[in-house]
Amino acid sequence: LIVRDDGTYIDGGFGKYSRTSETCVPEDTRTLTSADSPGPTGPTYEEVMEEIRHAAESLEPGKPTLHQSYNNPAGTGRAEGDPNVYKGDQINFYVDAPTARWEGDLMIGHMEMESYPTQMTIQYGNGDEGSFYTMGKPVSRARGEESRKTSTSYAYQRSGNFHAYATVSYSGRFRVDGGPWQMMMVTPQATSDPLLVRVWWVDV
(Lines give C-alpha, C1' and ligand atoms only; values in the text may rest on other atoms or scores of the structure.)
Protein backbone atom coordinates (compact mmCIF):
# COMPACT_ATOMS: atom_id res chain seq x y z
CA LEU A 1 0.00 0.00 0.00
CA ILE A 2 1.13 3.57 -0.70
CA VAL A 3 0.30 6.11 2.08
CA ARG A 4 -0.26 9.71 1.04
CA ASP A 5 0.61 12.76 3.09
CA ASP A 6 -3.03 13.28 4.01
CA GLY A 7 -3.22 9.78 5.49
CA THR A 8 -5.09 8.19 2.67
CA TYR A 9 -3.62 5.29 0.71
CA ILE A 10 -3.83 3.51 -2.59
CA ASP A 11 -3.11 -0.07 -3.62
CA GLY A 12 0.27 -0.23 -5.33
CA GLY A 13 0.05 -3.72 -6.78
CA PHE A 14 1.70 -4.80 -10.01
CA GLY A 15 -1.53 -4.64 -11.97
CA LYS A 16 -4.34 -2.17 -12.05
CA TYR A 17 -4.95 -0.17 -8.89
CA SER A 18 -7.74 1.87 -7.45
CA ARG A 19 -8.29 4.19 -4.55
CA THR A 20 -9.66 1.31 -2.54
CA SER A 21 -7.89 -1.36 -0.58
CA GLU A 22 -8.73 -4.02 -3.21
CA THR A 23 -5.85 -6.09 -4.48
CA CYS A 24 -4.61 -5.83 -8.05
CA VAL A 25 -6.72 -7.29 -10.87
CA PRO A 26 -4.57 -9.18 -13.41
CA GLU A 27 -4.96 -8.42 -17.11
CA ASP A 28 -5.37 -12.13 -18.01
CA THR A 29 -7.83 -13.85 -15.76
CA ARG A 30 -7.94 -17.66 -15.80
CA THR A 31 -9.84 -20.26 -13.86
CA LEU A 32 -7.55 -22.46 -11.78
CA THR A 33 -8.46 -26.06 -11.00
CA SER A 34 -7.72 -27.44 -7.59
CA ALA A 35 -5.43 -30.43 -7.38
CA ASP A 36 -8.21 -32.18 -5.50
CA SER A 37 -10.75 -31.70 -8.29
CA PRO A 38 -11.62 -34.86 -10.28
CA GLY A 39 -10.08 -35.08 -13.75
CA PRO A 40 -11.82 -36.03 -16.99
CA THR A 41 -13.96 -39.11 -16.62
CA GLY A 42 -13.44 -42.16 -18.82
CA PRO A 43 -13.05 -45.96 -18.74
CA THR A 44 -10.48 -47.39 -16.37
CA TYR A 45 -7.69 -49.69 -17.52
CA GLU A 46 -9.47 -52.63 -15.90
CA GLU A 47 -12.71 -51.81 -17.74
CA VAL A 48 -10.91 -51.58 -21.08
CA MET A 49 -9.06 -54.88 -20.60
CA GLU A 50 -12.25 -56.63 -19.50
CA GLU A 51 -14.01 -55.45 -22.66
CA ILE A 52 -11.09 -56.63 -24.82
CA ARG A 53 -11.07 -60.05 -23.11
CA HIS A 54 -14.80 -60.38 -23.67
CA ALA A 55 -14.42 -59.55 -27.38
CA ALA A 56 -11.51 -61.99 -27.69
CA GLU A 57 -13.79 -64.84 -26.64
CA SER A 58 -15.41 -64.63 -30.07
CA LEU A 59 -12.03 -65.51 -31.63
CA GLU A 60 -12.36 -69.17 -30.68
CA PRO A 61 -10.62 -70.95 -33.58
CA GLY A 62 -12.59 -73.34 -35.72
CA LYS A 63 -11.70 -77.01 -35.99
CA PRO A 64 -8.74 -77.62 -38.36
CA THR A 65 -8.90 -80.33 -41.01
CA LEU A 66 -5.99 -82.73 -41.53
CA HIS A 67 -5.28 -84.00 -45.07
CA GLN A 68 -2.70 -86.15 -46.83
CA SER A 69 -1.92 -85.69 -50.52
CA TYR A 70 -0.22 -89.02 -51.20
CA ASN A 71 -3.16 -90.00 -53.41
CA ASN A 72 -3.80 -86.59 -54.94
CA PRO A 73 -6.30 -87.25 -57.76
CA ALA A 74 -4.53 -84.70 -59.96
CA GLY A 75 -1.60 -87.06 -60.47
CA THR A 76 -2.48 -90.54 -59.26
CA GLY A 77 -6.02 -90.88 -60.53
CA ARG A 78 -7.08 -92.17 -57.11
CA ALA A 79 -10.28 -91.08 -55.41
CA GLU A 80 -10.19 -87.95 -53.26
CA GLY A 81 -9.29 -88.92 -49.68
CA ASP A 82 -8.09 -92.44 -50.58
CA PRO A 83 -6.42 -93.60 -47.33
CA ASN A 84 -4.23 -96.34 -48.87
CA VAL A 85 -0.47 -95.72 -48.82
CA TYR A 86 2.70 -97.80 -48.98
CA LYS A 87 4.94 -98.56 -46.04
CA GLY A 88 8.14 -96.49 -46.18
CA ASP A 89 6.77 -93.91 -48.63
CA GLN A 90 6.76 -90.23 -47.75
CA ILE A 91 3.20 -89.15 -46.92
CA ASN A 92 2.70 -85.40 -47.26
CA PHE A 93 0.39 -84.06 -44.56
CA TYR A 94 -1.17 -80.59 -44.47
CA VAL A 95 -3.86 -78.78 -42.49
CA ASP A 96 -6.65 -76.36 -43.33
CA ALA A 97 -6.83 -74.00 -40.34
CA PRO A 98 -8.75 -70.79 -41.03
CA THR A 99 -7.90 -67.46 -39.42
CA ALA A 100 -10.60 -66.15 -37.05
CA ARG A 101 -11.38 -62.40 -37.18
CA TRP A 102 -13.43 -59.97 -35.09
CA GLU A 103 -14.12 -56.27 -35.63
CA GLY A 104 -16.22 -53.79 -33.67
CA ASP A 105 -16.36 -50.60 -31.62
CA LEU A 106 -15.16 -50.68 -28.01
CA MET A 107 -14.64 -47.98 -25.38
CA ILE A 108 -11.10 -47.30 -26.59
CA GLY A 109 -12.02 -47.10 -30.27
CA HIS A 110 -12.57 -49.29 -33.33
CA MET A 111 -10.97 -52.66 -32.60
CA GLU A 112 -9.76 -55.36 -35.00
CA MET A 113 -8.68 -58.78 -33.72
CA GLU A 114 -7.23 -61.85 -35.43
CA SER A 115 -6.41 -65.37 -34.31
CA TYR A 116 -4.22 -67.18 -36.84
CA PRO A 117 -2.48 -70.60 -36.96
CA THR A 118 1.24 -70.61 -36.17
CA GLN A 119 2.14 -74.21 -35.31
CA MET A 120 0.78 -77.71 -35.73
CA THR A 121 1.59 -81.03 -34.10
CA ILE A 122 0.57 -84.23 -35.87
CA GLN A 123 0.04 -87.47 -33.97
CA TYR A 124 0.41 -90.21 -36.57
CA GLY A 125 -1.53 -92.86 -34.65
CA ASN A 126 1.44 -95.15 -34.11
CA GLY A 127 3.02 -93.33 -31.13
CA ASP A 128 5.06 -90.93 -33.28
CA GLU A 129 4.39 -87.24 -33.66
CA GLY A 130 5.90 -84.24 -35.44
CA SER A 131 5.69 -80.48 -34.80
CA PHE A 132 5.88 -77.85 -37.53
CA TYR A 133 5.78 -74.06 -37.81
CA THR A 134 3.82 -74.34 -41.04
CA MET A 135 0.46 -75.81 -41.96
CA GLY A 136 1.96 -77.49 -45.04
CA LYS A 137 0.36 -77.59 -48.47
CA PRO A 138 -0.86 -80.22 -50.93
CA VAL A 139 1.59 -81.62 -53.45
CA SER A 140 0.94 -83.71 -56.54
CA ARG A 141 2.89 -86.47 -58.25
CA ALA A 142 2.48 -88.20 -61.56
CA ARG A 143 1.23 -91.76 -61.78
CA GLY A 144 4.13 -94.12 -61.03
CA GLU A 145 6.30 -91.32 -59.62
CA GLU A 146 7.74 -91.93 -56.16
CA SER A 147 6.50 -89.72 -53.37
CA ARG A 148 9.01 -87.11 -52.29
CA LYS A 149 9.93 -85.79 -48.88
CA THR A 150 8.41 -82.45 -47.86
CA SER A 151 8.69 -80.26 -44.77
CA THR A 152 5.56 -81.92 -43.33
CA SER A 153 5.84 -85.48 -44.66
CA TYR A 154 6.13 -88.71 -42.68
CA ALA A 155 6.93 -92.33 -43.59
CA TYR A 156 5.18 -95.18 -41.77
CA GLN A 157 7.52 -98.09 -41.08
CA ARG A 158 4.91 -100.76 -40.43
CA SER A 159 1.63 -101.70 -42.04
CA GLY A 160 -1.75 -101.28 -40.42
CA ASN A 161 -4.62 -98.87 -39.97
CA PHE A 162 -3.74 -95.63 -38.17
CA HIS A 163 -5.74 -92.58 -37.17
CA ALA A 164 -3.76 -89.35 -37.38
CA TYR A 165 -4.68 -86.11 -35.62
CA ALA A 166 -3.45 -82.54 -35.91
CA THR A 167 -3.42 -80.07 -33.01
CA VAL A 168 -3.03 -76.48 -34.18
CA SER A 169 -1.79 -73.61 -31.98
CA TYR A 170 -2.95 -70.08 -32.70
CA SER A 171 -1.56 -66.61 -31.96
CA GLY A 172 -3.66 -63.47 -31.50
CA ARG A 173 -3.16 -59.82 -32.35
CA PHE A 174 -5.24 -56.63 -32.27
CA ARG A 175 -5.13 -52.99 -33.32
CA VAL A 176 -7.14 -49.89 -32.47
CA ASP A 177 -8.36 -47.31 -35.02
CA GLY A 178 -6.13 -48.74 -37.75
CA GLY A 179 -2.95 -48.38 -35.70
CA PRO A 180 -0.07 -50.86 -35.47
CA TRP A 181 -0.82 -54.50 -34.67
CA GLN A 182 -0.12 -55.60 -31.10
CA MET A 183 0.23 -59.18 -29.92
CA MET A 184 -2.27 -60.72 -27.52
CA MET A 185 -1.10 -63.03 -24.76
CA VAL A 186 -3.34 -65.89 -25.86
CA THR A 187 -2.42 -69.27 -27.40
CA PRO A 188 -5.64 -71.20 -28.07
CA GLN A 189 -5.47 -74.68 -29.58
CA ALA A 190 -7.83 -76.80 -31.65
CA THR A 191 -7.63 -80.46 -32.69
CA SER A 192 -8.80 -81.99 -35.96
CA ASP A 193 -11.00 -85.00 -36.45
CA PRO A 194 -9.08 -88.27 -37.05
CA LEU A 195 -7.69 -89.01 -40.50
CA LEU A 196 -7.53 -92.69 -41.46
CA VAL A 197 -4.22 -93.79 -42.97
CA ARG A 198 -4.15 -97.41 -44.20
CA VAL A 199 -0.55 -98.54 -44.66
CA TRP A 200 0.25 -101.52 -46.91
CA TRP A 201 3.51 -103.34 -47.56
CA VAL A 202 2.29 -104.78 -50.86
CA ASP A 203 0.36 -103.26 -53.75
CA VAL A 204 -3.32 -102.68 -53.01
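Reader: Which of the 23 residues in the largest nonpolar core touch the most other members?

Author: Leu 66, Phe 93, Val 95, Ile 122 and Tyr 156 do. The model is a predicted one.

Reader: What makes such a set a nonpolar core?

Author: Its members are buried residues of the nonpolar kinds, joined through side-chain atoms within 4.5 Å. The 23 residues form the largest set of this sort.

Reader: Which elements give two or more residues to this core?

Author: Four strands do: S5 (90–96), S7 (109–123), S10 (160–176) and S13 (195–200). S10 supplies five residues, the largest share.

Reader: What does Tyr 156 touch, not counting residues up to four places away in sequence?

Author: Its partners include Ile 91, Phe 93, Phe 162, Ala 164, Val 197 and Val 199. Lys 87 and Asp 89 are also among them.

Reader: Which residues does the second, separate core include?

Author: Ile 52, Ala 56, Ala 100 and Met 113 are among its eleven residues.

Reader: Why is His 67 called partly exposed?

Author: Its relative accessibility is 23%. Buried means under 20% and exposed means over 50%, so a value in between is called partly exposed. His 67 therefore counts as partly exposed.

Reader: Where does His 67 lie, and what joins the side chains of His 67 and Asp 96?

Author: His 67 is in strand S3, residues 65–68. A polar contact of 3.0 Å links its side chain to that of Asp 96. The cut-off for a pair of N or O atoms is 3.5 Å, so a pair at 3.0 Å meets the distance condition. Apart from residues up to four places away in sequence, His 67 also touches Asn 92, Phe 93, Tyr 94 and Leu 195.

Reader: How many residues apart in sequence are His 67 and Phe 93, and how far apart in space?

Author: They are 26 residues apart in sequence and 5.7 Å apart in space, C-alpha to C-alpha.

Reader: What puts Ser 147 in its class, buried or exposed?

Author: Ser 147 stands at 17% relative accessibility and therefore counts as buried. The place of Ser 147 is in the loop between strand S8 (129–132) and strand S9 (153–155). A polar atom of its side chain lies 3.1 Å from the backbone nitrogen of Gln 90. Not counting residues up to four places away in sequence, Ser 147 touches Tyr 70, Asp 89, Gln 90 and Arg 141.

Reader: Which residues line the largest cavity?

Author: The lining consists of Ser 69, Tyr 70, Gln 90, Asn 92, Val 139, Ser 140, Arg 141, Glu 146, Ser 147 and Arg 148. By class, two are nonpolar, five polar and three charged.

Reader: How many cavities of 30 Å³ or more does the count come to?

Author: The count comes to one. The largest cavity holds about 80 Å³ of space.

Reader: How many helices and strands are in the chain, and what share of the chain do buried residues make up?

Author: The chain has two helices and 13 strands. Buried residues make up 34% of its 204 residues.

Key: Residues are numbered from 1 along each chain as its sequence is written. This is a predicted model: local features need pLDDT of at least 70, side-chain atom pairs count only at pLDDT 80 or more; totals for chains, interfaces and linings use all residues. Side-chain values use heavy atoms; hydrogens and water are left out. On a 1 Å grid over the protein atoms alone, a cavity is a set of points where a 1.4 Å probe fits but cannot get out, and a pocket is an open set with protein on both sides within 12 Å along at least five of seven lines; lining residues have an atom within 4 Å of a point. Grid points are joined across faces, edges and corners, and a volume is the space filled by probe spheres set on the points. Ala, Val, Leu, Ile, Met, Phe, Trp, Tyr, Cys and Pro count as nonpolar, Asp, Glu, Lys and Arg as charged, and the others, Gly among them, as polar. Buried means under 20% relative accessible area, exposed over 50%, partly exposed in between (1.4 Å probe, protein chains only). Contact means heavy atoms within 4.5 Å. A polar contact is a pair of N or O atoms within 3.5 Å; within protein, one must be able to donate a hydrogen and the other to accept it, and residues adjacent in sequence count only if both atoms are side-chain atoms.
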